[in-house]
Amino acid sequence: MPDSMKTLSSKELVDEVKPILERFRPERAALIPILQQVQAKLGYLPREAMLETAHFLDIPASTIYGVATFFNEFRFVPLGRRPVKVCMGTACHMRGGELVMEALERELEIKVGEVTPDGEYSLDRVACIGCCVMAPVVVIGEEIHPRMTPFKVEEMLAITRQDNTQAGPPE
Amino acid sequence: MTFDEIQQQALSEWETLQQKTRILVGTATCGRAAGALGVVEAFEKELSRQQADATVIKVGCLGLCYAEPLVVIMKPEEFSVCYGNVTPDLVPRLVEGYILDDDPCLELALGTFEIGEDGAPFIPELPRFELERRLILRRCGYIDPEDINQYIATGGYSSLRKALQMTPEDIVAEVDRSGLRGRGGAGFPTGKKWRLCREAEEQPKYVVCNADEGDPGAFMDRDLLESDPHAAIEGMIIAGYAMSASQGYIYVRSEYPLAVSRFRLALEQAQARGLLGANILGSGFSFSIEVALGAGAFVCGETTALINSIEGRRGMPRVTPPYPTESGLWQKPTLLNNVKTFAAVPLIIERGADWYAGIGTDSSKGTAVFALAGKVAHTGLVEAPMGTTLRELVEDIGGGVPGDKQFKAVQIGGPSGGCLPESLSDTPVDFDSLREAGSMMGSGGMIVLDENNCMVDAARYFLDFIQKESCGKCTMCRLGTKQLLDILTDITSGKGRMEDLDLLMELAEDIKSGSLCGLGRTAPNPILTTLRYFRDEYEAHILEHRCPALVCKDLIAYYIIPEKCDRACEHCVLACPAEAIHSDEKRIKVIDQTKCTKCGSCEEVCPPEYNAVIRVSPPTSVPGYEAE
């Protein structure tokens, strides 16, 4: 079971973060790599992880939060078990990416940035995954779905719902 | 091992490989998205089933992304053939036909696959290769990026050996003489930058490679790192030697996991052969490279913002001067170049500055690498000499706009660039001509737009992007871009006023002069170029509430032409997510405009033989329209 599926207590979260911190020297340049590894493990940056990192690097927690919120990669709520990312790069936009996003919002009944109540899907936008020739693209888990249309969204979701192999930790 | 021994070993492996039948499968990210890994698996299965002797090699990207998955079959003593759009079910035929027998299955082939003078593969049957000249990309799609020996066997790392026998000053002079300009976008002369950093007195110095390809719509750096990672590494080591630096960093977007893992593997392999690390090739010079992962911020493509990010800070630009060549990473002299700039360095060392300076135009030397995408038939990665015209790139190399649509504009340089109209398509592509036309080279993203793209919507898209990515340091960029976006949103929703156009121009100038970094200074470019070349579209939105390209949602309506609708067909009724379509008494489908969400599903599913669903603008032009 992926780590992000369990509800971890504060103490458990700290225990998850400690082995990551041990890989680093306590210097400022380690901050972003630490946050990236924490997120790779937990799927998001819990408050406890940021506090623990602040303690380890001996810099104010507010500074850590400032850096984390600056970058698009970091999130502060857990991902869904099947994270859905819609590419909003130029080529995807010009080929109807916005309509695909609307179709996903409609089908999943959530807005971009949210997670379905059952924790199954999260819906996010990404700036560009560099697959412009397949535009518009949607990424579910690790799998890239090329040349999407609003109408194909329903079918794609139906297939991923059946296919358990795509559910996995957001490593 | 000495370099000669390393090279000898690589060459003998390479020659053994040439005597076998090889199957090259393109497995860069674009190939994978199209299903290349399934094709690899199918080949491996089929080879063992039919007991055929051949080696499958996972190569990078040949640049013909539109035809992915791409496969090349190379047989000793026979033609090498390139196949496009290969699916696993075609694999048994290819194995039986060309690997076991002599039938090259030409009906499936794009053409033959040959290696040209520069060592780059080309397909003589495809006209695009007459205009292209692959130098930086010459190994992409030809060698296995995960095998350093294939890089060495094709001439790799011999420039490093040559450079280590030169003095650092001679290397800087050579790069300077070549006329190479930075491939990150601004086109600063590379030799000048190297000299400034070389002459800076403080120690230590750092070499940083910028692979933070944040321009949405560009993928050259990703492809290069995925297909030929050692080219950038070799260039960085040479730069390190020329700067007397011992530490290098590469800053890569974390959105590119395959590029990151291939680059890391390449670093390990180079280290294991003594090409990187302590005492490189016995020269006494030591250099190591660390990977820093970007965390998703467009502004970090800007030199000083990138440096802040490596230091573990918010990626906000610093005030310059002092420039990074004097005070960069940890306030030490830092040489920062783009991946493609570093990848060009081994070529210049190998073949000489004069050779390089002989390619391209007077002020822009060498080749330009473009990611061609959008409304163009042959999307992919292109490398052509500087000075090639936009028309040649779009029509001859890209195969033009598909589906009888009219080529309207080309967007170059991403959010900092501009949209140039079809009428300017004889503009040569070089740093200065593009700047004169109001755009810029940028990192090399090139998106083709056709008559179905709205230029106001395009400008709005870029402003939306820029406004979200503005780091917030400079007031004009932070608040000004928001105002620009609001005005454009008004225009695209039919609430614009003519005086807004003057306000856009005025604000654009203020943002340009009131921003510190390149992001802010170029942020208004998409608006300025579209206003300059497509003012009539802005006016149609404002004065007639009409979107000529039928894109802006608030200004269009979907309509089913009764004469074209087929009574027995219910595709649109079933597809409509809003249940806005019903059949009338004659079983002709009608859209309820009050329920319609304008998602376009009906237009998508209406069978092409009927083609009954159309878009109209303004919405009031729908027959029987009643205002809500």
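Two strands count as paired if DSSP finds at least two bridges between them. Helices (H or I, at least four residues) and strands (E, at least two) are DSSP runs, numbered from the N terminus. The model is predicted: local features need pLDDT of at least 70, side-chain atom pairs count only at pLDDT 80 or more, and totals for chains, interfaces and linings use all residues. Residues are numbered from 1 along each chain as its sequence is written, and chains are lettered from A and ligands numbered from 1 in the order in which they are written.

**View 1. Strands E1 and E3 of chain A run antiparallel.**
Three bridges join E1 (residues 82-87) to E3 (residues 138-140) in chain A. A:Val86 stands opposite A:Val138 of E3(A).

**View 2. Four strands of chain A form an open sheet.**
The strand order is E2-E1-E3-E4, and the pairing is mixed. Strand E2 (121-126) and strand E4 (143-145) of chain A are the edges; each pairs on one side only. Neighbouring strands are turned by 25° against each other on average, direction ignored. Axes here are lines fitted to C-alpha atoms, for helices over the stretch in contact; angles run from 0 to 180 degrees between N-to-C directions. Helix H6 (residues 97-108) of chain A lies across E1, E2 and E3 of chain A. H6 runs at about 155° to E1(A).

**View 3. Chain A touches chain B.**
Residues are in contact if their C-beta atoms, placed from the backbone, lie within 7 Å. Chain A gives 38 residues to the contact and chain B gives 45. On the chain A side, helices H2 (31-42), H4 (61-70), H5 (90-94), H6 and H7 (150-162) each give two or more residues. That side divides into 26 nonpolar, eight polar and four charged residues. Ala, Val, Leu, Ile, Met, Phe, Trp, Tyr, Cys and Pro count as nonpolar; Asp, Glu, Lys and Arg as charged; the others, Gly among them, as polar.

**View 4. Five strands of chain B form an open sheet with mixed pairing.**
The order is E13-E12-E16-E14-E15 in chain B. Strand E13 (380-385) and strand E15 (418-421) of chain B are the edge strands, each pairing on one side only. Neighbouring strands are turned by 30° against each other on average, direction ignored.

**View 5. Strands E14 and E16 of chain B run antiparallel.**
Five bridges join E14 (residues 407-412) to E16 (residues 445-450) in chain B. B:Ala409 has B:Leu449 of E16(B) as its bridge partner.

How values were computed
Contact = placed C-beta atoms within 7 Å.
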